[in-house]
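Please walk through this model one element at a time. Keep the sequence and the coordinates side by side.

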Amino acid sequence: MSVILQVENLGKVFIMHHFNQKKIIGCRSVNFSVHEGEFVGITGKSGAGKSTVLKCIYRTYLPTNGRILFQSKLFGKIDLARSAEQDIISIRHHEMGYVSQFLNVLPRVTALNVVAEALMEMGCDNERAVFQAKTMLRYFQIPENLWDAYPNTFSGGEKLRLNLARAMIKRPRLLLLDEPTASLDNQSKGPVKEMILELKRSGTSMIGIFHDIEFMKDVVDTSYTMNQGYLKEGIVA
Amino acid sequence: MSRDLQETEKQPLLKVRNLSKIYGSSCKSCLELTGPDMESNICPRCGSVVACGNISFNVYPGEIIGIVGESGSGKSTLIKSLYFDETPTSGEVYLQCFENGETNLLSISSQKKRWVRNHLMGIVYQNPYLGLKMDFSCGGNIAEKLLAADWYHVGKIRKRAKELLSKVEIPLERMDDLPRTFSGGMQQRVQISKALANNPPLLLLDEVTTGLDVSVQAQILDLIRQIQREFGITMIVVSHDFAVIRMLTDRTLVMKNGRVVESGLTDQVMEDPQHPYTQLLINSMI
């Protein structure tokens, strides 16, 4: 299997200008790689820097040093830490998805449209996008009477499932998952696990942050632990 | 793979290079002695105001780019310079759909400038009184823009006006009423329909929701999003409000004292602001 993502010596330092240039270290000299269809799991205490690594890969954070080499279909090998914003936007639309613990959607967009618009971004026509979005919402057991509602009224679990539906419907080549099971009951975890396994079979590579070690064991191929900004191989309890 | 190629070969629709606008006599040191590092846009040597200093950026086809900053940072001067409402002191502006993007728009004749503005651009001002003739009917306002863009068939103009007004949800019964009699939100929607009349490749929006009720703000923002989705128009959105910028844009420039202090993906600028001023703006959000 070929390498789709290679993180080399990634470091992130936040400088707070209003607290006398105070420095906060997010992560330091992080190295790892992800192969096609591989699921990499990261665990660690909160504040250890797990989300920082994911956000650097998605470029929501601007990495301070290091390289994030992504094997893109659109652009070939590209360093996500340095590449043009325009290219990052295209990669986000077509190749890379991000699911956080929090639903971050535009106001006044219905659940159905949240998912359908994800496909329209990729150039899918309206009718087909809506059809596929409905299938996806059904799969993630979001009740039909909520499809035309605004997600800000949803429960934590419903928001998370909607978030997953929106990211997974694109079948991105690389999917970043920040605690994908955080607010799910055991019954809802089933479809999420199934979907992850199915995406893996179809070649999607994933990086996931977990506190739920049980769930993680069933889906990951390689696991890492983060502690005080450093990444180590294996699970350290 | 044809789409892939298009993605990588995207040319900017608009290129702005080193645009400066100085009010006053201006001296050699104006640009050097002003800006965020000096915490002022007034030249201490000659007293000129540097509203915009050496601004450069690209706007790509179909994207919405945001310009954010406090009042007096130069945002509106920048956008008005692009629409030829202001004459920049120096700089270059290229529009891909005008002479293949090879001619500096700031150097062409005023007749050609008028043509570019009437055929290739639309603008929506914060103050509807700037964008609309309040004593012309709504239909008349749209007709004015269409006439300027060489539409001469009255029937077609009328049809297009109806189409546009229903797009922005102005009841057609009110098409012949004067915008003066409309609410602020309705005036703004008429202004948007007028700006869109000639199907411009580039739409400039200057603080279009400032001063409106929140529910009306929401309507206008949803309308802009809908227009972008349907027509794929390239837009520059100027606002002092990060909530507006977050809702509409993929990329953002942050301005202070007439300079761009930071630019990046909108989510990056908001979650990981680099410049002290951007951090202050983000920390000031309510």
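**A buried glutamate, then sheets and helices**

A:Glu95 counts as buried, because 20 C-beta neighbours lie inside 10 Å. The cut-off for a buried residue is 20 or more such neighbours. This is a predicted model. A:Glu95 sits in the loop between helix 2 (85-94) and strand 6 (96-99) of chain A. What does A:Glu95 touch, leaving out residues up to four places away in sequence? The list is A:Ser72, A:Lys73, A:Leu74, A:Pro172, A:Arg173 and A:Leu174. Take A:Ser72 from that list. A:Ser72 and A:Glu95 are 23 residues apart along the chain, and their C-alpha atoms are separated by 7.6 Å.

Now follow the chain from that loop into strand 6 of chain A. Strand 6 of chain A runs parallel to strand 7 (residues 174-178) of chain A, and 4 bridges join the two. One position to check is A:Val99, whose bridge partner in strand 7 of chain A is A:Leu177.

Chain A also holds an open sheet of 4 strands. Its order is 2-1-4-5, and its pairing is antiparallel. Strand 2 (22-35) and strand 5 (76-79) of chain A each have a single partner strand, so one side of each is left without a neighbour in the sheet. The twist averages 20° from one strand to the next. Strand 4 (residues 65-72) of chain A pairs with strand 5 of chain A in the antiparallel sense, over 4 bridges. Within this pair, A:Phe70 stands opposite A:Ile78 of strand 5.

Next come the helices of chain A. Two packed helices are described by the angle between their axes and the distance between the axes. Helix 3 (residues 111-121) and helix 5 (residues 156-168) of chain A pack at about 25°, with their axes 8 Å apart. Angles under 35 degrees count as roughly parallel. Helix 3 and helix 5 of chain A are therefore roughly parallel to each other. Helix 3 of chain A passes helix 5 of chain A in a right-handed crossing. Which residues of helix 3 of chain A meet helix 5 of chain A? They are A:Ala111, A:Val114, A:Val115 and A:Ala118. Helix 5 of chain A brings A:Leu162, A:Ala165 and A:Arg166. The residues of this contact of helix 3 with helix 5 of chain A divide into 6 nonpolar, no polar and 1 charged.

Turn to chain B. Helix 5 (residues 138-148) and helix 7 (residues 184-196) of chain B pack at an angle of about 25°, and their axes are 8 Å apart. That makes helix 5 of chain B roughly parallel to helix 7 of chain B. Their crossing is right-handed. Helix 5 of chain B contributes B:Cys138, B:Asn141, B:Ile142 and B:Lys145 to the contact. Helix 7 of chain B contributes B:Val190, B:Ser193 and B:Lys194. The residues of this contact divide into 3 nonpolar, 2 polar and 2 charged.

Strands of chain B come next. Strand 3 (residues 64-68) of chain B is mostly covered, with 5 of its 5 residues buried. B:Ile64, B:Gly66 and B:Val68 point one way from strand 3 of chain B. B:Ile65 and B:Ile67 point the other way. Strand 3 of chain B pairs in the parallel sense with strand 7 (residues 234-239) of chain B, over 5 bridges. There, B:Ile67 stands opposite B:Val238. Strand 3 of chain B also pairs in the parallel sense with strand 8 (residues 251-256) of chain B, over 4 bridges. B:Val68 has B:Val254 of strand 8 as its bridge partner.

Strand 8 of chain B runs antiparallel to strand 9 of chain B, and 6 bridges join them. One pair is B:Leu253 with B:Ser263 of strand 9. The hairpin of strand 8 and strand 9 of chain B has 2 residues between the strands, and B:Asn257 takes a positive phi near 45°. Strand 9 (residues 259-265) of chain B is mostly covered: 7 of its 7 residues are buried.

Last, the two chains together. How many residues does each of chain A and chain B give to the contact? Chain A gives 16 residues and chain B gives 21 residues. The side of chain A that touches chain B divides into 7 nonpolar, 5 polar and 4 charged residues.

Technical notes. Residues are numbered from 1 along each chain as its sequence is written. Chains are lettered from A and ligands numbered from 1 in the order in which they are written. This is a predicted model: local features need pLDDT of at least 70, side-chain atom pairs count only at pLDDT 80 or more; totals for chains, interfaces and linings use all residues. Axes are lines fitted to C-alpha atoms, for helices over the stretch in contact, and angles run from 0 to 180 degrees between N-to-C directions. Angles under 35 degrees count as roughly parallel, over 145 as roughly antiparallel, 65 to 115 as roughly perpendicular and the rest as oblique. A crossing is left-handed if the near helix is turned anticlockwise from the far one by less than a right angle, and right-handed if clockwise. Two residues are in contact if their C-beta atoms, placed from the backbone, lie within 7 Å. Ala, Val, Leu, Ile, Met, Phe, Trp, Tyr, Cys and Pro count as nonpolar, Asp, Glu, Lys and Arg as charged, and the others, Gly among them, as polar. A residue is buried if 20 or more other C-beta atoms lie within 10 Å of its own, exposed if 12 or fewer, and partly exposed in between; C-beta atoms are placed from the backbone. Two strands pair if DSSP finds at least two bridges between them.
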